[in-house]
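Good morning, colleagues. Please have the sequence and the structure open as I speak.

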Amino acid sequence: MKRTWWKEAVVYQVYWRSFYDSNGDGVGDLQGVIEKLDYIQHLGVDVIWLNPCYESPDKDNGYDISNYYAIMEKAGTMKTWETLLDEVHKRDMKLIMDLVVNHTSDQHPWFIESRSSRDNPKRDWYIWRDKPNNWRSYFTPSAWEYDELTGQYYFHSFAVEQPDLNWKNPEVRQEIYKMMRFWLDKGIDGFRLDAIALLAKPEGFPDAADPNDIRYLTNNPGLHEYLREMHEQVFQYYDIFTVGEVAFVSPEEGLKYVAEDRRELNALFHFEVCDEMPNWEPLRFKNIQRRWYDVLWGKGWNSQFLNNHDHTRQVTRYGNDKEYRVESAKLLGTMLHTLPGTPYIYQGEEIGMTGVRFPSIDDYNDIAMKNKYEEEIAKGRDPQEVLESLQPLSRDNSRTPMQWDDSPNAGFTTGTPWIKVNPNYKEINVKQALQDQNSVYYYYQKLIQLRKENPVMVYGTFHDYTENEPYIYAYTRELDDVRWLIVLNHCDHANDYELPVSLAAYKREVVLGNYPDIQENGSVLHMRPHEARIYRLI
Ligand code: NOJ
């Protein structure tokens, strides 16, 4: 397999508005990220993924861009951004920018022109129709919005304020490629490509049999031609990492995006976890890992993540954020860093931050949740019941401010934070984590260091020994004559795991574990609640 820096990297995602506020206005900013770069570097990560910070009316937290060439005022200035890039590079890290090219803001001058008249030269830069079809968008009951002025509907895969660009139009594509070069020429190291599977739309927009199954928004014919063109005209000229957000794909479909010989993207996030697996389902999760490995290995690259700014924090959703918060956070980290693919850490994950339940809908900010709330209330449902049903998966679970210390607002801001701080910040915070040698933070630091020193974690083949085991997940990674065994007890009680004969034959050496004192030599492993072990087999 071809060896590259981005396969070996660990990525840290910075949701800057919730990371650190340097000027007391209640919103995190780029200067705040600069001030905390030493912290990020100390963890050992290689790449920072920065959520969108382009000029934007901020209806969807920056995913509605109104000027691709400017920085949002809340985030800072272009100069601050350039300093950030410099400072990241000075620390031997890389920066990838989150870029949204499926849609813009309705305040983007292109859309303002497009909607101004039917014969405006930019009319065709967006998608206009006389009649809507029956599709939903991600955030609204219809994917079409009627525009009084010109008497037509425009198409939006997300909020009404996020009209989709018309990728069929070559002028649009050239304009986007130009803008991508602008950022790449500034020296960034790649892109996280938002909603990239949505670029192509089906001819004629036929009605869907089931409008609620929004798979129709993604993976439409023509998409891969666009991605190949993007690669040919832009990506191939830079040593960069491109990772696409690709919802609703099977491994076979996913491979088309990332197969090295197809020259499209380097890696993808698929959502068979997170979007499609609301709670921990061990057998399903293992099956997902095996299927993706079988199809991708040696041909294209995968990502390992269980949360980001759109998904409830992993220790709350897939682990135990109460009695076993620390053990469970470490177990999930062990798993993500030892499964095949590039591991992602979402800010705060490295200290075991948890999800949150705010008492009122007014405490929430997430446009997806708020729109859904309104939609359900309009059907006559009980508001409290609707709130409770939306809380577990609200995107705000992961958007609460980073918990730096136990001072007011968790040390995130001296002002009023744009979204409430998780009330548990007095116990869970960076200051505490840095003082405790057994913290999740130092465990993550070790995991990341291990990846740097042991190519087996990156390039080793993968074999799952526990397909049908509900609690224990045991798998190997092997590279040349190096053989690692990972054993995880994803469960609130202890479980014994009897090693298969082929594994029991080896001598074992502990590489890392989340409990002290592993002194077992026999073929049965007595795994404690949420225990994780990495062994070297010799
Ligand atoms: C995916 C992003 O991660 C999410 O936050 C955003 O709302 C949508 N794409 C629309 O851009």
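This is a predicted model: local features need pLDDT of at least 70, side-chain atom pairs count only at pLDDT 80 or more; totals for chains, interfaces and linings use all residues.

Let me begin with the ligand.

For Asp-310, a polar side-chain atom is 2.5 Å from a ligand oxygen. For His-309, the distance from a side-chain N or O atom to an oxygen atom of the ligand is 2.8 Å. For Arg-395, the corresponding distance is 2.9 Å. How much of the ligand's accessible area does the protein cover? On its own the ligand has 300 Å² of accessible area, and the protein covers 97% of that.

I turn now to the strands. In general, strands of a sheet pair through backbone hydrogen bonds, in either a parallel or an antiparallel sense. Here, an open sheet of 3 strands runs in the order β6-β8-β7, and the pairing is antiparallel. Strands β6 (128–129) and β7 (144–147) are at the edges with a single partner strand each, so one side of each has no neighbour in the sheet. Between β7 and β8, the latter spanning residues 152–155, there are 4 bridges in the antiparallel sense. Within that pairing, Trp-144 has Phe-155 of β8 as its bridge partner.

Definitions and conventions. Residues are numbered from 1 along each chain as its sequence is written. Side-chain values use heavy atoms; hydrogens and water are left out. Two strands pair if DSSP finds at least two bridges between them. Helices (H or I, at least four residues) and strands (E, at least two) are DSSP runs, numbered from the N terminus. A polar contact is a pair of N or O atoms within 3.5 Å; within protein, one must be able to donate a hydrogen and the other to accept it, and residues adjacent in sequence count only if both atoms are side-chain atoms. Accessible areas come from the Shrake-Rupley method with a 1.4 Å probe; for residues, only the protein chains shown count as cover.
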